[in-house]
Structure formats: C-alpha cells, structure tokens
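This report walks through a few features of one model. Keep the structure in view while reading.

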Amino acid sequence: MGFKCGIVGLPNVGKSTLFNALTKTAAAQAANYPFCTIEPNVGDVAVPEARMKQLAEIAGSAEILPARMQFVDIAGLVKGASKGEGLGNQFLANIREVDAVVYVLRCFDDDDVTHVTGTIDPIADFEIVETELMLADLESLEKRRANLEKKARGQDKEAKAMLVLVDKALDVLREGVPARNVEIDADHEKAWQGLQLLTSKPVLFVANVDEDAAADGNAYSRSVEESASKEGAATVVISAKIESELAQLTDDEQAEYLESLGLEEPGLNRLIRTGYDLLGLQTYFTAGPKETRAWTIKRGATAPQAAGVIHTDFEHGFIRAETIPYDDYVSLGGEQGAKEAGKMRLEGKDYIVQDGDVMHFRFNT
C-alpha cells in the first residue's frame with residue numbers, strides 16, 4: 001500500500017510539468033494552453049528509501065523492491081468547473097478517488113507562460129479551485145439529502161445516521177468552509193469517508209517556484225506557506241523545471257546538480273515524505289536472499305494488519321511476527337546477529353509496528 005495523490009490546480013501552473021518530472025515520463029502533455037490534459041494521467045513512482053540499500057547488502061538480497069505511490073495528474077480546473085465550465089465535472093469526479101489532494105500553485109513570473117486570470121496570485125488560484133470543489137460537494141450532498149430524509153422518516157437507522165453527517169457537512173460548506181474542518185468521531189469515520197467529499201481529503205500545497213527560488217522560496221511561496229498554516233496543511237517548495245531536469249540525470253549527476261543549487265535532495269523526496277506525514281504512513285521491511293522490500297502501512301497498525309498488506313492470508317492466519325528494529329538489524333549484521341544478541345522479538349496480534357521494523361510473519365493458511 002502506498003497512497004494516491006491527486007494533483008490539482010489552474011491551467012498553466014506547472015501541474016503536468018511536475019507530474020512528468022515525478023514519474024519520469026512524458027505521459028502528460030505539458031503545453032502552454034489550458035486543458036492540454038484531456039484524461040487524468042496516472043503514474044506509479046518508487047518511494048525513495050535510503051535504508052533499503054544497507055538492508056539488502058546485509059541480507060544478500062538479489063532484488064530491492066521499494067514501496068510505490070501513485071500520482072494522478074488532473075486537468076486544470078477553472079472558475080465554474082462545478083457547473084461544467086472548462087472540462088467540468090469529469091475531472092472533479094477523478095479527485096474523489098484519491099487519498100490526498102496536492103494543490104500546485106504558480107509562484108513564478110514568466111511572460112512566456114500565460115495565466116488564465118492574467119495575474120500571478122497563488123492564494124487567489126487556490127481559492128478558485130477550493131471554491132469549485134466546495135460547490136461540487138454542496139451539489140452532491142443536496143441531491144443526496146432528500147432521499148436520506150425520506151428514508152429517515154421511515155425509521156431507517158442507517159439513513160438517520162448518514163443524515164446527521166450530511167447536515168454537518170452542509171453546515172460548514174454553506175459557510176464557505178471545506179468539509180475537512182468537520183470533526184467526526186472514530187465510530188462514524190467509515191461512513192464519513194463513504195460520502196466521498198472532495199474537500200474532506202487532506203491537502204498539501206506545492207509552491208511551484210522558478211530555479212532561483214528553489215532553495216529559499218520567494219514572496220509568492222511565503223504567502224502560500226502562511227495560507228497553508230491557517231489550513232493546518234503543509235507546503236513543499238518545488239521548482240517543477242528543476243525537477244524536470246533532474247529526471248533526466250543519473251544519480252551522480254543529480255547529486256552534483258543539487259549541490260550547485262544549494263538543495264539537499266530532489267523535490268520528489270520532500271513531497272513524498274510530507275505526504276507520508278500528512279496521511280500518517282510509515283514503512284516496515286522484509287529482507288532475505290531473494291529480496292529486500294519496503295511496505296507502507298498506517299501509523300498505529302498492528303502486526304496482523306501489517307502482514308495483511310503482503311497478503312490477506314497472512315493477516316487471517318497470523319500467528320507471530322519475528323521483529324527486529326532497523327538499527328539493531330544493521331548494527332548486529334542481520335537476522336542471525338540480532339537473534340544471538342537477543343534483539344529479535346516474537347510479537348503477537350497486539351503489537352504496534354514501528355517505522356523501520358524488519359519483520360518475518362508466521363501464519364497458518
């Protein structure tokens with residue numbers, strides 16, 4: 001399990017350029033006119049994980065298999081998209097399928113790249129897109145409410161419970177506030193997710209700057225960071241142009257280029273790490289002669305839940321998990337050294353998996 005991020009924004013803000021760079025493909029046409037993205041482009045990328053190389057060397061692994069994540073490049077929205085303007089609702093529907101929404105905001109001046117509003121204002125751009133998503137949510141909920149109300153009058157318990165959630169969402173949306181601001185208790189979280197509201201998803205801001213501002217940002221990106229903090233969201237400052245250039249280089253060339261720019265790592269690494277934090281994800285490993293592999297799980301996942309990411313049979317038939325913390329695995333030279341030092345533990349069903357655990361599952365089929 002990785003996670004799926006929908007990349008949204010107005011036309012010509014650098015969404016498709018960023019997508020191309022992140023996925024190292026030219027699948028999304030990056031062109032200087034609105035609506036050049038006609039269908040959502042989906043790209044799987046490897047999650048950068050520095051710990052895997054050392055694990056693989058110690059375990060003598062033939063292969064290294066990183067975790068994967070998915071980006072969905074969604075065509076540029078415009079004012080009125082919720083009413084069918086531009087390419088309209090077909091793109092709004094694509095956002096419902098993602099785990100988080102990445103707002104790409106233009107934070108650079110370039111007379112050669114047109115802007116649909118004629119002015120560079122990343123906060124205004126964000127407000128246009130966010131408003132369209134809220135209007136789409138309002139329309140969806142208002143259509144659904146009448147049917148739920150009818151069922152609730154007939155004493156349908158599920159409809160009654162759902163109606164409460166719908167009304168909570170409508171109350172905030174009518175005030176111009178996104179649905180992610182609604183407080184939902186754990187018992188109703190699954191039903192809430194079932195509403196598939198566009199504005200209930202976690203958000204991440206990408207401030208797309210020019211090359212000169214890649215290291216320290218600029219006035220535009222600082223305004224984005226200020227706005228994001230009010231939303232309780234994170235901001236990643238990226239130059240999509242630099243990322244495009246990095247995507248064409250070898251690892252050694254990348255390191256040299258990054259150093260010349262005063263950057264420590266590619267924007268992809270920062271984006272994924274921030275996304276992991278946003279969604280509460282972490283990594284555990286399996287390691288052996290065949291392969292070293294990274295697996296993505298939610299923080300707080302139990303050992304059986306972690307096993308289920310590999311295969312559902314592992315979760316259903318879970319017995320025990322042989323567990324070695326990453327630092328112990330490395331410092332003690334692998335599984336055998338960890339066993340001899342008493343650092344390999346047998347954990348049961350209630351064990352909460354920790355980031356970096358190296359695990360082997362015992363299970364019945």
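## An aromatic pair

F285 and Y326 are both buried, meaning under 20% relative accessible area, where over 50% is exposed and in between is partly exposed (1.4 Å probe, protein chains only). This is a predicted model: local features need pLDDT of at least 70, side-chain atom pairs count only at pLDDT 80 or more, and totals for chains, interfaces and linings use all residues. Residues are numbered from 1 along each chain as its sequence is written, and side-chain values use heavy atoms, with hydrogens and water left out.

Rings of Phe, Tyr and Trp (its six-membered ring) pair if their centres lie within 6.5 Å; planes under 30 degrees apart are stacked, over 60 edge-to-face, the rest tilted. The count comes to seven aromatic pairs. In F285 and Y326, the ring centres are 6.4 Å apart and the planes sit at 45°, so this pair is tilted. F285 belongs to strand β8 (residues 281-287) and Y326 to helix α13 (residues 326-331), so the pair ties together parts 41 residues apart in sequence. Helices (H or I, at least four residues) and strands (E, at least two) are DSSP runs, numbered from the N terminus.

Ring pairs also join Y103, F126 and F205 into a cluster.

## Helix α11

V309 sits in helix α11 (residues 303-310). V309 is partly exposed, because its relative accessibility is 24%. I297 is twelve residues from V309 along the chain, and their C-alpha atoms are 7.5 Å apart.

## Helix α9

E259 lies in helix α9 (residues 251-261). With a relative accessible area of 64%, E259 is exposed.
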